[in-house]
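Here's a quick briefing to read alongside the model. Keep the 3D view open and follow along as we go.

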Amino acid sequence: MYVGRFVVVSPEVAAYRVSSRSFPNRHVYERDGALVVGPTEDAPETDNPYIAYNCVRTTDDTAVVGNGSHVDPITEKLALGYPARDALVTALHALDFEKDDYDTPRVAGTVSPEGAYIATVRRDALHVQAVTEPTLVATYERDTPAGYDLDATDPAGAARELYDADFEHAVCAAAVAPVDDGFETAYVNE
Ligand SMILES: NC(=O)c1ncn([C@@H]2O[C@H](COP(=O)(O)O)[C@@H](O)[C@H]2O)c1NC=O
């Protein structure tokens, strides 16, 4: 099954995978404390505005994952003191679904020692939900948050588990979790 990009959030960890039919030549890398999705050196030129973005950012107490430019305003609202639910609602409502050929939904997650959320904005819905067990939302097919069998509670394990998940066209994966002195991140490119 092809589900496109997806987020999995648990109370311990937030993770994200890029699956892509159209733009497979991409990778995750670190820049200025964020994890970024972007084209590899051999990628063909494109003017698609939706394929390069920060996919993981953190504030002092909360980490954000997502499939596009909304990761930045969600992070900025959190840094201003908005509760996670409100930061997700505000940023996703402002940017809305992607204006591409598929009306691709935006998906996002947050995790902090105080709690975790998962969210999506589609053409027909805005869904923001507190997470008490591992939960997945994807851009296509599985586009409403639903329980997912994630075993890992650490970023390295979660990024690996998402990369290896049985959905087509894996490209790369990333994950983030709170630790004693901040956040730990990990990613997989293969
Ligand atoms: N975030 C991403 O990495 C990303 N990759 C592709 N898209 C969008 O989704 C469309 C379909 O891409 P694909 O055929 O790879 O699933 C692309 O034309 C692009 O507008 C993305 N936008 C949202 O998921």
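This is a predicted model: local features need pLDDT of at least 70, side-chain atom pairs count only at pLDDT 80 or more; totals for chains, interfaces and linings use all residues.

- Strand β10 covers residues 135-138, and two bridges connect it to β11, with the two strands running antiparallel.
- Zoom out and you'll find six strands in an open sheet, ordered β11-β10-β1-β2-β12-β13, with antiparallel pairing.
- Which strands are at the edges? They are β11 (146-147) and β13 (182-189), each of which pairs on one side only.
- In case you're wondering what links strands like this, strands of a sheet pair through backbone hydrogen bonds, either parallel or antiparallel.

**The helix on the sheet**
- Helix α3, residues 155-164, packs on the sheet and touches β1 (6-9), β2 (14-19), β12 (170-179) and β13.
- The direction of α3 makes about 155 degrees with that of β12.
- Which residues of α3 are buried? They are Pro 155, Ala 158, Ala 159, Glu 161, Leu 162 and Tyr 163.
- The cover over those buried residues includes β1, β2, β12 and β13.

**The core**
- The largest nonpolar core holds 57 residues, and the ones with the most contacts inside it are Ala 15, Val 65, Leu 88, Ala 159 and Ala 174.
- Strand β12 is the top contributor to this core, giving seven residues.
- Take a look at Ala 15: setting aside neighbours within four places in sequence, its contacts include Val 8, Val 65, Leu 162 and Ala 174. Ala 158 and Ala 159 are also in contact with Ala 15.

**The whole chain**
- Altogether, the protein has three helices and 13 strands.
- How much of the protein is buried? Of its 190 residues, 47% count as buried.
- The C-alpha trace spans about 40 × 35 × 30 Å along its principal axes.
- Why does a radius of gyration of 15 Å agree with a compact globule? Because a compact globule with 190 residues would have one near 16 Å.
- Among contacts between residues at least 6 apart in sequence, 54% join residues at least 24 apart.

**What the record says**
- UniProt, in an unreviewed entry, places the feature "domain: Inosine monophosphate cyclohydrolase-like" at residues 2-179.
- Over residues 2-179 the chain is 17% helix and 39% strand, and its end C-alpha atoms are 33 Å apart.

Notes: Residues are numbered from 1 along each chain as its sequence is written. Two strands pair if DSSP finds at least two bridges between them. Helices (H or I, at least four residues) and strands (E, at least two) are DSSP runs, numbered from the N terminus. Two residues are in contact if their C-beta atoms, placed from the backbone, lie within 7 Å. Axes are lines fitted to C-alpha atoms, for helices over the stretch in contact, and angles run from 0 to 180 degrees between N-to-C directions. UniProt positions are given in the numbering used here, feature names are shortened, and annotations may be inferred rather than shown by experiment. The radius of gyration is taken over C-alpha atoms; the globule rule is 2.2 Å times the number of residues to the power 0.38. A residue is buried if 20 or more other C-beta atoms lie within 10 Å of its own, exposed if 12 or fewer, and partly exposed in between; C-beta atoms are placed from the backbone. A nonpolar core is a set of buried Ala, Val, Leu, Ile, Met, Phe, Trp, Tyr and Cys residues joined through C-beta atoms within 7 Å.
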